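Dear colleague,

Please find below the structure that I am handing over to you. My notes on what was found in it follow directly after.

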Amino acid sequence: MTTATAVPATAPLDLWSPRLRAMTVGIVALVSLLAFEALAVGTAMPTVARSLDGLGLYALAFGGPFASGVVAMVVSGIWCDARGPRPAMWHGVAWFVAGLAVAGAASTMGTLVVGRVVQGFGSGLLSVALYVIVGQAYPEQLRRRVFAAFAAAWVVPSLVGPAVAGLIVEHLGWRWVFLAVPAIAVPAVLLVQPGLRALAARVPTRPPAGALARIGWACGAGASAALLHHGGQQRGVLTAGLIGAALIGLLVCVPRLLPAGFLRAARGLPTVIGLRGLASAAFVGAEVVIPLMLSRERGFSPTGAGLVLTVGALSWSVGSWIQGRIPAPRSAASLPRAGLACIAVGTAGVTLALLPGVPVAPAVLAWSVAGLGMGLLYPSLSVLTLELSAPAEQGRNSSALQLGDSLAAATVLALTGAVLAAGPSPGPASYASTLAVAAGCGLLGLVLAGRVVPRPAD
C-alpha cells in the first residue's frame with residue numbers, strides 16, 4: 001500500500017526552501033537534543049550517583065526511562081493516528097522538558113529516577129511524532145534526505161556529547177547536563193509549529209478498537225525491558241533468572257505491538273520492521289564488545305578504543321548522506337540488501353582484531369563498513385515504513401519500527417553482558433561468539449531483505 005501524502009503536488013523539493021526551512025531546522029534540532037541527552041547522561045551518571053548517594057538506583061536510572069519510552073512510543077502512535085502529530089509532539093516536548101527539570105533539581109536519587117522516567121516518556125512521544133511529521137509534511141522525494149539528516153543529528157552528539165557533558169560536569173556541575181537542554185528544546189519546537197499549522201487539518205477520530213489493550217501490552221513490554229536491563233547488570237544465577245523472565249515477558253507482549261506476520265517475516269511492513277531490529281542487534285552487539293576487546297586484547301587506551309567507535313559513527317553518517325542523494329533504486333530491496341551485506345561483512349571482519357599476527361587496521365576498516373551499512377539501511381527502512389503505511393496508520397507503524405529497534409538493542413545488550421560475565425573474565429572466545437551472533441543477525445537480514453517488497457496483490 002502506498003501512502004497518500006498530505007503534501008500538495010506543488011511542494012518544493014528542497015529541505016531548505018523557505019516553506020520547509022524552519023521545520024527542517026526544528027525537527028533536526030529536536031533529534032539532536034534527544035541524542036545528546038541519551039549520550040550525555042551516561043557520562044554524568046557516575047558523578048550523579050556519588051553526589052546523591054544513589055548507587056543502588058543506578059541501573060534503574062537507565063532502565064526506567066527506557067521502559068517509559070517503550071510505553072510512550074505506543075501511546076504516541078495511537079495519538080498521532082487519531083489526532084495528527086501536533087498534540088503528541090507538544091506533549092512529548094513538555095514531558096521531556098519537565099523530566100529534565102525534575103532530574104536537574106533532584107536532591108535524592110529517587111527523585112532523579114522519577115525525572116528520568118518522565119523524560120523517557122517524553123522522548124518516546126516525541127520520537128514517533130517526528131516520524132509522522134516527516135510523512136505528512138515532506139513530499140516522498142525528500143524523505144530519504146530528511147532521515148539522512150536525522151542520522152547526522154545523532155552523529156554529532158555521539159562525537160562530542162560525552163566530552164561536552166564531561167566539561168559541563170567538571171566546570172558547571174552535573175545538574176546542567178539536564179537543565180541546559182530545555183533552553184534549546186523550546187525554540188526548536190516553536191520552529192516546527194508554523195509548518196504543522198500549514199498542513200491540512202485532520203478531523204479528530206476515536207482511537208481504534210484495542211488501543212487500551214495495546215497500551216497494556218506496551219506496559220508489559222516496558223516492564224520486561226526494564227527487568228532485562230536490570231538482569232544484565234547482575235551476576236551469576238540471578239542474571240540468568242532475571243533475563244529469562246524478561247525474555248518471556250517480551251515474547252508474550254512484543255508480538256502484539258508489531259504488525260501481524262512479524263515473527264514469520266511476512267512480506268512488506270513486517271519484514272521492514274524485522275530488518276530494523278536485526279540491524280540494530282547486529283550493530284549494538286558488536287559496538288558494545290569492541291572497546292573491551294581492543295583494550296584487553298590489543299592494549300588500546302580508552303581514548304583509542306573510543307576513536308574506533310567514532311570511525312563507525314562517521315561512516316554511518318557517510319552512508320546516510322549517500323543514500324539521500326543517489327537516485328531512487330528500481331527495487332525497494334536494493335538499499336536494505338546493500339546495508340545488511342555491509343553490516344554482516346563488517347561485524348564479521350571485526351573479529352580480525354582477535355588474531356595476534358594481524359594488524360588492527362583491517363578490523364577498523366571492517367567496522368567502518370558496518371557503519372556504512374547502517375547509514376544505507378536505517379533511512380531507507382524509515383522511508384519504506386511510511387510508504388507502506390496508510391495515512392491513518394503512520395503513527396502505529398512508526399511506533400512499531402522504533403519499538404523493534406529499541407527492544408532488539410536492549411535484548412542484545414543484556415545477552416552480550418551475560419556472555420561477557422559468564423566466565424572469570426572475558427576472553428577471545430566470548431568476544432568471537434558475540435561478534436558471530438552480530439554477523440549472523442546481519443546475514444539473516446540479508447537473506448530476508450527481498451521480502452520488504454509486498455506481493456502485487458498486497
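**Cavity and pocket**

The structure holds 1 cavity of 30 Å³ or more. On a 1 Å grid over the protein atoms alone, a cavity is a set of points where a 1.4 Å probe fits but cannot get out, whereas a pocket is an open set with protein on both sides within 12 Å along at least five of seven lines; lining residues have an atom within 4 Å of a point. Grid points are joined across faces, edges and corners, and a volume is the space filled by probe spheres set on the points.

Please note that this is a predicted model, in which local features need pLDDT of at least 70 and side-chain atom pairs count only at pLDDT 80 or more, while totals for chains, interfaces and linings use all residues. Residues are numbered from 1 along each chain as its sequence is written, and side-chain values use heavy atoms, with hydrogens and water left out.

At least two lining residues each come from α11 (290-297) and α14 (361-387); helices (H or I, at least four residues) and strands (E, at least two) are DSSP runs, numbered from the N terminus.

The second largest pocket has a volume of about 770 Å³. It is lined by 34 residues, of which Phe262, Gly277, Leu278, Ala408 and Thr411 are the closest to its centre. Two or more lining residues are given by each of α9 (237-253), α10 (269-287), α15 (394-420) and α16 (428-448), and the largest share, 9 residues, comes from α10. By type, this lining divides into 24 nonpolar, 9 polar and 1 charged.

Threonine 347 is found in helix α13 (residues 334-349) and is buried, with a relative accessible area of 0% (buried means under 20%, exposed over 50%, partly exposed in between; 1.4 Å probe, protein chains only). A polar atom of the threonine 347 side chain lies 2.7 Å from the backbone oxygen of isoleucine 343. Not counting residues up to four places away in sequence, threonine 347 touches Ala282, Ala286, Trp367, Ala370, Leu435, Ala438 and Ala439, where contact means heavy atoms within 4.5 Å.

Threonine 434 is found in helix α16 and counts as buried at 7% relative accessibility. Its side chain has a polar atom 2.8 Å from the backbone oxygen of tyrosine 431. Leaving aside neighbours within four places in sequence, threonine 434 is in contact with Val289, Thr416 and Val419.

Alanine 265 lies in the loop between α9 and α10. Phi of alanine 265 is near 55 degrees, a positive value in a residue other than glycine. Most residues other than glycine have a negative phi. At 13% relative accessibility, alanine 265 is buried.

**Cysteines**

The structure holds 0 disulfides (a disulfide is a pair of cysteine sulfur atoms within 2.5 Å). For cysteine 253, the nearest cysteine sulfur is that of cysteine 219, 9.4 Å away. Cysteine 253 is buried, with a relative accessible area of 8%. For cysteine 342, the nearest cysteine sulfur is that of cysteine 441, 17 Å away. Cysteine 342 also counts as buried, at 17% relative accessibility.

With kind regards

How values were computed: Ala, Val, Leu, Ile, Met, Phe, Trp, Tyr, Cys and Pro count as nonpolar, Asp, Glu, Lys and Arg as charged, and the others, Gly among them, as polar. A polar contact is a pair of N or O atoms within 3.5 Å; within protein, one must be able to donate a hydrogen and the other to accept it, and residues adjacent in sequence count only if both atoms are side-chain atoms.
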